[in-house]
Amino acid sequence: MSFDEGMAKINTTAQLTSDGVAKLKSDLITMGRDAGADLSTVPDAYEKILSQTGDVALSTDILKSSLKGAKAGFTDADIVAGALAQSLSLIGKENTNAQEVMDTFFAAKRVGAENLKTLRIICQY
């Protein structure tokens with residue numbers, strides 16, 4: 001899927017104005033480039049997050065932290081994004097933010113939870 005097709009899919013959920021879509025596209029490209037991510041995967045990862053949260057600003061925050069986490073060596077951005085989105089849905093966005101959850105994942109990794117798939121399973125319970 002092309003980046004523009006991914007943006008159209010995102011906007012099916014987000015319902016942004018054309019200016020809003022253009023700004024979000026620019027933000028996603030910047031975040032992806034800064035993290036060294038494959039830009040073709042960024043819209044799909046974002047759409048998965050947005051489908052779970054229904055909140056553009058929160059989804060952008062989660063994607064940004066996810067890309068950083070993936071770059072830091074956790075695992076693929078999709079897995080990090082899924083774990084963050086799921087954790088924030090359970091904890092509540094009014095109680096924390098994506099970076100705090102990511103920091104918790106890093107702390108857990110330091111003390112022995114070696115992969116994010118394990119953390120994701122733990123977060124479900």
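## Tour of a helical model

H2 and H4 are roughly parallel to each other, a label given to angles under 35 degrees, with over 145 counting as roughly antiparallel, 65 to 115 as roughly perpendicular and the rest as oblique. The model is predicted, so local features need pLDDT of at least 70 and side-chain atom pairs count only at pLDDT 80 or more, while totals for chains, interfaces and linings use all residues. Residues are numbered from 1 along each chain as its sequence is written, and side-chain values use heavy atoms, with hydrogens and water left out.

**Stop 1: H2 and H4.** Select helix H2 (18–35) and helix H4 (56–71); helices are DSSP runs of H or I with at least four residues, numbered from the N terminus. Their axes come within 9 Å and cross at roughly 15 degrees. Axes are lines fitted to C-alpha atoms, for helices over the stretch in contact, and angles run from 0 to 180 degrees between N-to-C directions. The crossing is right-handed, meaning that the near helix is turned clockwise from the far one by less than a right angle. On the H2 side, show Leu-24, Leu-28, Met-31, Gly-32, Asp-34 and Ala-35, which meet Thr-60, Leu-63, Lys-64, Leu-67 and Lys-71 in H4.

**Stop 2: Val-21.** Stay in H2 and pick Val-21. Leaving aside neighbours within four places in sequence, Val-21 is in contact (heavy atoms within 4.5 Å) with Met-7, Asn-11 and Leu-16. The C-alpha atoms of Val-21 and Asn-11 are separated by 7.1 Å, at 10 residues apart along the chain.

**Stop 3: H4 and H5.** Residues making the contact include Leu-58, Ile-62 and Ser-65 of H4, and Val-80, Leu-84 and Leu-88 of H5.

**Stop 4: H3.** Select residues 42–53, a helix of 12 residues that reaches 16 Å from its first C-alpha to its last, close to the 16 Å expected at 1.5 Å a residue (1.5 Å times one less than the number of residues). Val-42, Pro-43, Ala-45, Tyr-46, Glu-47, Ile-49 and Leu-50 of H3 are buried, that is, under 20% relative accessible area with a 1.4 Å probe, protein chains only. Just after H3, Gly-54 takes a positive phi of about 70 degrees.

Notes:
Helix = DSSP H or I, 4+ residues; strand = E, 2+ residues; numbered from the N terminus. Buried < 20%, exposed > 50% of the residue type's maximum accessible area, 1.4 Å probe, protein only.
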